Amino acid sequence: MIIGFVQTKGGTGKSTLAVNTAFSGHMHRKFGSIALVELDPQGTLKAWWEDRDEMGYDPGKVSFHHISSTQKQVFQQGIKSISDYNELMIMDIPGESTGKLHTRFACAYCDLVIIPMRMSTNDESAFMNNLYPIIKEIIRAVPEKKGQFKVLPVFTHPLQSWQNCFNYFDDILPYQVSCLPVVFPARSVYENFNRRGLNLNEYAQLVQSNKKFTHQVGRAIEDIEKICKTIIKAGKGNHGSN
Ligand SMILES: Nc1ncnc2c1ncn2[C@@H]1O[C@H](COP(=O)(O)OP(=O)(O)OP(=O)(O)O)[C@@H](O)[C@H]1O
Ligand SMILES: [Mg+2]
């Protein structure tokens, strides 16, 4: 299965979601091998991976691949060979690239395209102007792709119900794109934990003597597990279409 976190707008949580879903318990129970692939030349995840490598953290089932080329043939070939050897591939797609090359590729290639999006008119118009035309174009060319584009509401207030967010997006999204029944809430733990090259479980171990941090990271782990379960459920039926 190939999952891409795609959003032409920057800073919406793509890299954070890619890394945390790759290391989630749910994905580890479901898949024998997991490739975390960063196509972003800025290398946010590469730096993070090098940090954890230096500290000797066990990658478990996760392998990391950074493809910095901006030439379509080169990254397409790289991804093809990684996907041949992994049951699950999670891709972190850069927000900006010339001609939105990476975005186009991911929208066409992934079994499931997850679009992290804030509940704001700003994000809504950015989506309608930049990403939606690409999605429409791809569905026009390959109608079976319909149903593979899912918005994940991000940075929601931790007390806000997913149903409210779902209703909001259900109202504004075009019919080819639907909203997942789950949210990625704003939590300070996401701003802090990944700076040290740790995944959430390793961070939980590190802060286990601090009740407040332990509680925070516990909530974050719950968010990620819920997101993974919902993504896999949404992806059923799409797998193998490429
Ligand atoms: N759920 C969250 N709550 C609070 N802060 C978050 C959350 N997820 C991510 N962040 C923070 O928001 C910032 C942007 O996140 P991230 O780098 O994952 O976004 P991105 O979409 O990959 O950005 P870019 O488009 O630049 O690649 C980071 O500082 C990250 O730590
Ligand atoms: Mg990023």
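A polar contact is taken here as a pair of N or O atoms within 3.5 Å, where, within protein, one atom must be able to donate a hydrogen and the other to accept it, and where residues adjacent in sequence count only if both atoms are side-chain atoms. The structure is a predicted model, in which local features need pLDDT of at least 70 and side-chain atom pairs count only at pLDDT 80 or more, while totals for chains, interfaces and linings use all residues. Residues are numbered from 1 along each chain as its sequence is written, chains are lettered from A and ligands numbered from 1 in the order in which they are written, and side-chain values use heavy atoms, with hydrogens and water left out.

In the surroundings of ligand 1, a polar side-chain atom of Glu-191 lies 3.5 Å from a nitrogen atom of the ligand. A nitrogen atom of ligand 1 is also found 3.0 Å from a polar backbone atom of Arg-187, and an oxygen atom of ligand 1 lies 3.0 Å from a polar backbone atom of Gly-11. On its own, ligand 1 has 630 Å² of accessible area, of which the protein covers 79% (Shrake-Rupley method with a 1.4 Å probe; for residues, only the protein chains shown count as cover).

The shell around ligand 1 comprises 16 residues, of which Lys-14, Ser-15, Thr-16, Pro-185 and Arg-187 come nearest; a residue is counted as near if one of its heavy atoms lies within 4 Å. By class, this shell has 5 nonpolar, 7 polar and 4 charged residues, where Ala, Val, Leu, Ile, Met, Phe, Trp, Tyr, Cys and Pro count as nonpolar, Asp, Glu, Lys and Arg as charged, and the others, Gly among them, as polar. At least two residues of the shell are supplied by each of α1 (14-22), β8 (184-185) and α8 (188-192), and α1 gives the most, with 3 residues. Helices (H or I, at least four residues) and strands (E, at least two) are DSSP runs numbered from the N terminus.

Aromatic side chains form 10 pairs in the structure, a pair being rings of Phe, Tyr or Trp (its six-membered ring) with centres within 6.5 Å, called stacked if the planes are under 30 degrees apart, edge-to-face if over 60 and tilted otherwise. The rings of Phe-75 and Phe-105 are edge-to-face, because their planes stand at 75 degrees, with the centres 5.2 Å apart. Phe-75 lies in helix α4 (residues 72-84) and Phe-105 in helix α5 (residues 101-109), so this pair ties together parts that are 30 residues apart in sequence.

The structure holds 0 disulfides, a disulfide being a pair of cysteine sulfur atoms within 2.5 Å. The sulfur of Cys-179 is 7.5 Å from the closest cysteine sulfur, in Cys-165, and is therefore too far for a bond. Cys-165 is buried, with a relative accessible area of 0%, and Cys-179 is buried as well, at 8%.

His-157 lies in the loop between β6 (149-156) and α7 (162-172) and is partly exposed, with a relative accessible area of 48%. A polar atom of the His-157 side chain lies 2.9 Å from the backbone nitrogen of Leu-159.

How values were computed. Buried means under 20% relative accessible area, exposed over 50%, partly exposed in between (1.4 Å probe, protein chains only).
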